[in-house]
Amino acid sequence: GIRLIELRCHELLGDPMSTLAVANEMTSGKVNGDPWQNKDFHTMVVTVGANAAMQLGLSGNASGFYQTAQEIDPEHSQYRLLKKVMELLNTTEEHIQEGDYEKALDSIDHCLSATRGLDAQSTLFLSSIQLKNCTILSNMGKDEEALANCDMAVETRLSNIAVVDREAIQEAYLVRSDALQLDMDYEEALNDIRAAMDLIPQPADDSDHRYMEETQRLYNRLLTAMHRQKLYNGGEIDFKYNKHTGYPDGRPPERDHEKILQLPKKLKRRSKEGKCAWLKENFKRLARHYHPDKYKGSKKRAERKFKEVKEAKEYISRQWDC
């Protein structure tokens with residue numbers, strides 16, 4: 001009885017870590033070693049423990065509590081529902097790994113709908129879904145929606161830094177970094193990789209191989225992003241690209257100008273007039289959308305995208321003689 005009061009006090013005080021610790025002790029039989037005599041009492045403990053686990057984003061722990069609750073009360077539906085949510089998350093990841101983003105998007109939408117039936121609504125657990133959404137949408141070219149999901153996930157995990165482990169925060173930074181690179185915002189992508197690197201704990205001594213491996217892994221990601229940024233920006237002067245070889249401004253920027261202007265892939269088959277009409281229309285639409293005075297999102301992003309669209313239009317106009 002006293003431990004149950006302690007459990008409820010931690011819950012009412014909004015302390016999910018202490019709530020979870022007490023619930024774990026009570027369900028593992030550490031308290032007095034007595035068997036459970038009251039089914040309602042036991043159900044209350046595992047339900048409170050599951051809710052605390054979900055608030056901390058620990059779906060595996062919550063699943064264990066819910067499974068125990070179902071053993072006590074076969075009518076308890078939360079275990080089955082959470083199991084369904086986890087299966088949908090795993091299916092989503094499988095589709096992402098296969099590169100089937102349409103199916104991944106469908107799975108994650110079903111997953112999000114299923115979470116609404118859970119008793120405990122957790123922003124930390126939701127952040128896992130948001131990161132999946134970010135990856136899916138960014139690979140589908142829906143950069144604004146993708147980054148909105150990533151931003152929410154990063155903000156949620158940082159605002160719960162007292163209960164979130166560093167790997168979870170690193171994951172959020174690195175997923176957003178990948179999405180930013182697909183949006184060709186390499187500066188912000190590099191900042192996220194550096195933020196993830198800053199979270200690596202200092203080694204106990206020089207023989208800490210885990211520290212060295214993790215540092216090298218993230219450093220390689222940083223170098224890859226920097227290389228992509230260099231190709232995207234252009235301007236590098238070397239033996240191939242210099243004033244003597246006809247490139248006084250150095251290496252030309254490597255950009256997918258047609259993708260930037262969202263032009264159809266089959267457009268090249270059309271007549272010059274048809275292509276130029278498409279170019280003009282898409283440029284006007286995107287220029288209006290990203291105009292820094294009208295864009296609803298980040299002004300910094302608007303300025304970058306507006307410039308990007310303008311330069312892409314100038315390049316293609318020369319190519320197509322529009």
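Visitor: Y247: buried, exposed or partly exposed?
Guide: Y247 counts as partly exposed, because its relative accessibility is 34%. Buried means under 20% relative accessible area, exposed over 50%, and partly exposed in between, with a 1.4 Å probe and protein chains only. This is a predicted model: local features need pLDDT of at least 70, side-chain atom pairs count only at pLDDT 80 or more, and totals for chains, interfaces and linings use all residues. Residues are numbered from 1 along each chain as its sequence is written, and side-chain values use heavy atoms, with hydrogens and water left out.

Visitor: And Y241, buried or exposed?
Guide: Y241 counts as buried, at 13% relative accessibility.

Visitor: How many aromatic pairs in the whole structure?
Guide: Three. Rings of Phe, Tyr and Trp (its six-membered ring) pair if their centres lie within 6.5 Å; planes under 30 degrees apart count as stacked, over 60 as edge-to-face and the rest as tilted.

Visitor: Where do Y186 and Y232 sit?
Guide: Y186 is in helix α10 (residues 186-198) and Y232 in helix α11 (residues 209-233). They are 46 residues apart, so to speak of the chain, the pair links distant parts. Helices are DSSP runs (H or I, at least four residues), numbered from the N terminus.

Visitor: New topic. Which helix holds K275?
Guide: K275 lies in helix α13 (residues 272-289).

Visitor: What is the nearest side chain of opposite charge to K275?
Guide: E258, 8.1 Å away. K275 is buried yet has no salt bridge. That term needs a side-chain nitrogen of Lys or Arg within 4 Å of a carboxyl oxygen of Asp or Glu. Lys and Arg count as positive, Asp and Glu as negative; His and the chain ends are not counted.

Visitor: Which ring face does K275 lie over?
Guide: That of W320, at 5.0 Å from the ring centre. A charge sits over a ring if NZ of Lys or CZ of Arg is within 6 Å of the ring centre and within 35 degrees of the ring normal. The charged end of K313 sits over the ring of F283, 5.3 Å from its centre.

Visitor: Last one. Where is V164?
Guide: V164 is in the loop between α8 (143-159) and α9 (166-182). V164 counts as buried, at 13% relative accessibility.

Note on methods: Helices (H or I, at least four residues) and strands (E, at least two) are DSSP runs, numbered from the N terminus.
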